[in-house]
Amino acid sequence: MTPTTRTRWAILGLTGPAYLWLACTIFLPIAAMLALSFLDKSPLVPKPASFTLDNYGAFFGKPFYWSLTRWSIELGFWVTLFSFLIGYPAAYALAKRVKGRWREAIFLLIVLPFWSNALVRIFSWTMVLRSNGIIDLGMQSIFPGAPTVDLLFTYPAVVIGLVHSYLPYMILTCYIALQAIDDSLIEAGRSLGASKFTTFRRVVLPLSLPGIISGSALIFVPVIGSFMEPRILGGTKGATLGMNIEEQFTVTANWPLGAALSFILLAIVLVIFGILFPFLRKQGGAA
Amino acid sequence: MTGKTRGGKGSFGNVSRRRFVAGASALGVGAGLTPFLSRRAQASTEVKVLNWQGYGTDEAWALEAFKKATGLDIVHEYYNSESEMITKLQTNPGAYDVIVTNSAWNGRATELGVIQPIDTAQVSNFADLNPSFRDSPLLNVDGKTYGVSWVWGITAVAYSTEVYKDAPTSIEALWDAKNAKRISIRDDAIEAVSFAAIATGQDMNHPSDLAKVKEKLLALKPNIAMLWSSEDDWNKQFQAKAFDLSVYWSGSALRSKTNFKLPVGYVVPEEGAVGWFDGLAIGTDAPNAEGAHKFINYMIEPTYYVEWATKVGAPASANPKAMAALPDSDPSKAFYSDEAAIKRLQFMAPLSDKERQDFSDLWAEVKTEYAK
């Protein structure tokens, strides 16, 4: 055996099980869902199902689906943006400023919310955001007579809850990217006369871009499919396509329509990333 | 959908289980043989019941008492959704004796021929049942009884007794301009459409004018504070005074009042409200039809009901004698004894797949407008 064939076998042997696992647990169910989305009735009905495009037609025939889709994407955008605005500076401070045990302690605090159930976290927010809630009482005690703060069942409440849920993804991915940047590169920039801001803009930011992109993808994709957080925190103001998809499975028992809507959402995500990725990669590569 | 103790169980878990059942029917040979064999072996000492888990028929003390009285063993199999029940009846014909069927599903099971007419002469407590349920066309087809009414409940209007000194009498209170941002309804297409249909004076199950229903629901927008999703959710929000008036389930309202001490009042508006009831049916070619009749009779008898209601908590019994036998301290006694209110109810009937989808689309459209 030549070294190359041996390497090839080694790669196959080492990665094969993982790919087989992925194929069985991810690819097959998704393929089944894709097939389902072209059927005219759910497999629960004893009658034989036949091929149809009606489920996809329903999306294009009913304008309320478009509104829901647009709102879902907007929600994904806002949550990703705020996660970046809060998460990136936090990751920067952690990677470049905080050292030693403090870093471990702060990391623990960031990961801590993951240890509790997502539903519990969201319900906790309802106690914070409502009138007579923690924020409201705090405001009243500092500024007596201030107008009541009642954020529950508003759009900002949904954004706050989702940013809190997904912020750790942004911090962790940005942290890894920022930590990998050699400090001597920053020093070189400074010693060549660049201001702190220019060094950040020309050296640090481009080099940490992969972290920002993966963090954004990790947040944007689940957020536009979210249904639990908008329902609990948004009241009637948190309508998303994800909620409608969930209902097709649990209430209407129209699995094919639910599957078709899911794939439309997936297609939209792929298109958005298809447009953004080459652009972002070029930005990153130019540095 | 139905609004009883087990109302909250309808979620993802069920669906996957249902799917499993559908898949398992491919192995129908094995599934079909088992009941056949057991039928031969224990034809007369066993009664097989198909029901939701923890819904009255499987209480250990009741099964013991029943065995003592009749010598029959009760064996259970459970379903997690009504469509799963139908699937089970279709894939295992002749396997079940007693089946708990909802008023909206009994007719479907009759139509599919998976349940058989009941010999009411063998059910001595049958004559005592409230005629509103007993003689309902939802349980009786062509003069034959396919289901013995068992328990029932209401989906009507709950209100805060702190805000309302007198109970609101009209369903229009929900639309009243002075209730801006003070009302709540459940995030459920069928319930929302049913209520709007009642408010516009239509048949709740098959509203002829869906455009009117939609208009009525859209008119609710300024008043809606939130859409509730579960009993627990409702209690939390009500306690936090998020709303004063809400479409709510009777059993849950009773629990909110007695268990959680919330200031909840409950009223069936003069225009009517949604009613549901569960029947007890006998499977086609039931292996032990005689035992099934005995068990059904036991299930509607006052002694059993009183023990169930006081020990565990139960929906209202369809047997007025059973309700009368409840201790006077039991709050559900007075609550469910208003005959005039029962007369105003419209009962949930089977919906076609198309109606289900139309209601769901209508509700999705309305919710999209709410969000704007």
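This is a predicted model: local features need pLDDT of at least 70, side-chain atom pairs count only at pLDDT 80 or more; totals for chains, interfaces and linings use all residues.
Residues count from 1 along each chain as its sequence is written, chains are lettered from A in the order in which they are written, and side-chain values use heavy atoms, leaving out hydrogens and water. Local features need pLDDT of at least 70, side-chain atom pairs count only at pLDDT 80 or more, and totals for chains, interfaces and linings use all residues.

Start by selecting chain B and switching to cartoon: you'll find 16 helices and 14 strands (DSSP runs, numbered from the N terminus: helices are H or I with at least four residues, strands E with at least two). Of its 372 residues, 57% are buried, meaning under 20% relative accessible area with a 1.4 Å probe, protein chains only; exposed is over 50%, and partly exposed lies in between.

Next, pick Glu77(B) and Lys48(B). Their side chains meet in a salt bridge at 3.3 Å, N to O (a side-chain nitrogen of Lys or Arg within 4 Å of a carboxyl oxygen of Asp or Glu). Glu77(B) sits in strand β2 and Lys48(B) in strand β1, so the pair ties together parts 29 residues apart in sequence.

Now jump to Arg186(B) and Asp188(B): another salt bridge, 3.4 Å from N to O, with both residues buried.

Then show helix α9, residues 231–239 of chain B, where Lys236(B) and Asp232(B) are four residues apart, about one helical turn. Their salt bridge spans 2.6 Å, N to O. Lys236(B) is partly exposed at 38%, and so is Asp232(B) at 42%.

Last stop: select Arg231(A), Glu246(A), Glu247(A), Asp187(B) and Lys367(B), which salt bridges with shared partners join into one network.
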